[in-house]
Amino acid sequence: APQETHKAVGRTLFEQGKFDLALQEFEKAKTDNPAEEIERQLAVGATLYRLRKFDTALNAFQAAAADATDKSVQAEALYNAGNSLVQLGNYEGAVN
């Protein structure tokens with residue numbers, strides 16, 4: 001599927017530190033499969049975080065947390081959302 005190709009290319013670019021290009025690939029990987037979409041949202045969030053776009057990273061992590069049914073995936077998303085809040089200077093929101 002084209003989504004898988006975009007996701008794989010995005011991961012490679014992310015590992016190479018090419019975050020702008022990785023983000024473009026992850027955006028193209030949007031899917032109707034709920035589990036894959038949560039994984040994609042986490043990847044988008046991580047990429048935005050590396051780009052220091054903490055507000056939009058936070059949105060991606062919160063969306064992944066809201067949609068996740070797997071508790072460990074939800075915990076990962078919430079942890080990353082908390083880190084984004086800390087970077088934004090919202091320490092109270094990060095601990096709640």
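Helices, in what follows, are DSSP runs of H or I with at least four residues, numbered from the N terminus. The model is predicted, so that local features need pLDDT of at least 70 and side-chain atom pairs count only at pLDDT 80 or more, while totals for chains, interfaces and linings use all residues. Residues are numbered from 1 along each chain as its sequence is written, and side-chain values use heavy atoms, with hydrogens and water left out.

Select helix 3 (34-50) together with helix 4 (residues 54-67): the two pack at an angle of about 160 degrees, with axes 8 Å apart (axes are lines fitted to C-alpha atoms over the stretch in contact, and angles run from 0 to 180 degrees between N-to-C directions). Helix 3 is therefore roughly antiparallel to helix 4, a term used for angles over 145 degrees.

Now show the side chains where they meet, contact being heavy atoms within 4.5 Å; among them are Ile38, Leu42 and Ala46 in helix 3, and Phe54, Ala60 and Phe61 in helix 4. The residues of this contact divide into 12 nonpolar, 3 polar and 1 charged (Ala, Val, Leu, Ile, Met, Phe, Trp, Tyr, Cys and Pro count as nonpolar, Asp, Glu, Lys and Arg as charged, and the others, Gly among them, as polar).

Next, select Phe14, Leu42, Ala43, Ala46 and Phe61, which of the 13 residues lining the largest pocket lie nearest its centre. The lining divides into 7 nonpolar, 2 polar and 4 charged residues. A pocket here is an open set of points on a 1 Å grid over the protein atoms alone, where a 1.4 Å probe fits, with protein on both sides within 12 Å along at least five of seven lines, and lining residues have an atom within 4 Å of a point.

How values were computed: Angles under 35 degrees count as roughly parallel, over 145 as roughly antiparallel, 65 to 115 as roughly perpendicular and the rest as oblique.
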